[in-house]
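These are my notebook entries on one chain. I record what I looked up, entry by entry.

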Amino acid sequence: MDMQNNFNKQIGSRIRNMRESQGKTRDQIAELAGISSQFLFYIETGKKSMTAKTIINLSKALNVTTDYILLGYVNPMSKILISLEGLTPEQLNLVEKFLELFSYGAHQKNYKNKKIGRDKSADREI
């Protein structure tokens, strides 16, 4: 039970710090997240835990990832996914094509590096 309370306090502290760093009031963030200001107070003080939906809503209201709220750091993949939100289907298609080209180029480079290789017994390039 003590471990859960500590976890709730860490999460609450991150939420409060992020809210304050953005100069937002508890009422403003609570309204954006669809929760009461009192419930947000309980979350920020570690007295209450929250559902996944509330975590997601708070992350959107604070413009941070759920990784940050839960773990205190941001997964690099989360940053990429967030940057893709709101793109049109056409824009997403272009991003997908770019990634295919980028991946193809990376594979070609790896293939050439393996093909060239080094002859370790002679300590010279083949």
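Entry 1, conventions. I take helices (H or I, at least four residues) and strands (E, at least two) as DSSP runs, numbered from the N terminus. The model is predicted, so I note that local features need pLDDT of at least 70 and side-chain atom pairs count only at pLDDT 80 or more, while totals for chains, interfaces and linings use all residues. Residues are numbered from 1 along each chain as its sequence is written, and side-chain values use heavy atoms, with hydrogens and water left out.

Entry 2, the loop between α4 and α5. I looked up N63, which lies in this loop. Its phi is near 60 degrees, a positive value in a residue other than glycine. For context, most residues other than glycine have a negative phi. I use buried for under 20% relative accessible area, exposed for over 50% and partly exposed for in between, with a 1.4 Å probe and protein chains only.

I find 7 helices and 2 strands in the protein chain. Along the sequence the pattern reads α-α-α-α-α-α-α-β-β. Of the 126 residues, 21% count as buried. Contact here means heavy atoms within 4.5 Å. Among contacts in the protein chain with a separation of 6 or more, 43% join residues 24 or more positions apart.

I define a nonpolar core as a set of buried Ala, Val, Leu, Ile, Met, Phe, Trp, Tyr and Cys residues joined through side-chain atoms within 4.5 Å. The largest one has 16 residues, and those with the most contacts inside it are I15, I35, L40, M50, L58 and I69. At least two residues of this core come from each of α1 (2-21), α2 (26-33), α3 (37-44) and α4 (52-62). The largest share, 4 residues, is supplied by α4. In soluble globular proteins, nonpolar side chains tend to be buried together. I also listed the partners of I69: not counting residues up to four places away in sequence, I69 touches I11, R14, I15, I55, L58, S59 and V64.

Two packed helices are described by the angle between their axes and the distance between the axes. The axes are lines fitted to C-alpha atoms, for helices over the stretch in contact, and the angles run from 0 to 180 degrees between N-to-C directions. Angles under 35 degrees count as roughly parallel, over 145 as roughly antiparallel, 65 to 115 as roughly perpendicular and the rest as oblique. For residue classes, Ala, Val, Leu, Ile, Met, Phe, Trp, Tyr, Cys and Pro count as nonpolar, Asp, Glu, Lys and Arg as charged, and the others, Gly among them, as polar.

How do α1 and α3 cross? Their axes come within 7 Å and cross at roughly 120 degrees, so α1 and α3 are oblique to each other. On the α1 side, N8, G12, S13, I15, R16 and R19 meet L40, I43 and E44 of α3. This contact has 3 nonpolar, 3 polar and 3 charged residues.

For α2 and α4, I find axes that come within 8 Å and cross at roughly 125 degrees. That angle makes α2 oblique to α4. I29, L32 and A33 of α2 make the contact with N57, L58, A61 and L62 of α4. By class these residues divide into 6 nonpolar, 1 polar and no charged.

The axes of α2 and α3 come within 8 Å and cross at roughly 105 degrees, which makes α2 roughly perpendicular to α3. R26, D27, I29 and A30 of α2 are in contact with S37, L40, F41 and E44 of α3. I count these by class as 4 nonpolar, 1 polar and 3 charged.

D67 lies in helix α5 (residues 66-71). Its relative accessible area is 16%, so D67 is buried. Leaving aside neighbours within four places in sequence, D67 is in contact with G72, Y73, V74, N75 and S78.

L84 lies in helix α6 (residues 76-84). With a relative accessible area of 26%, L84 is partly exposed. Leaving aside neighbours within four places in sequence, L84 is in contact with L92 and V95. The C-alpha atoms of L84 and V95 are separated by 8.8 Å, and the two residues are 11 residues apart along the chain.
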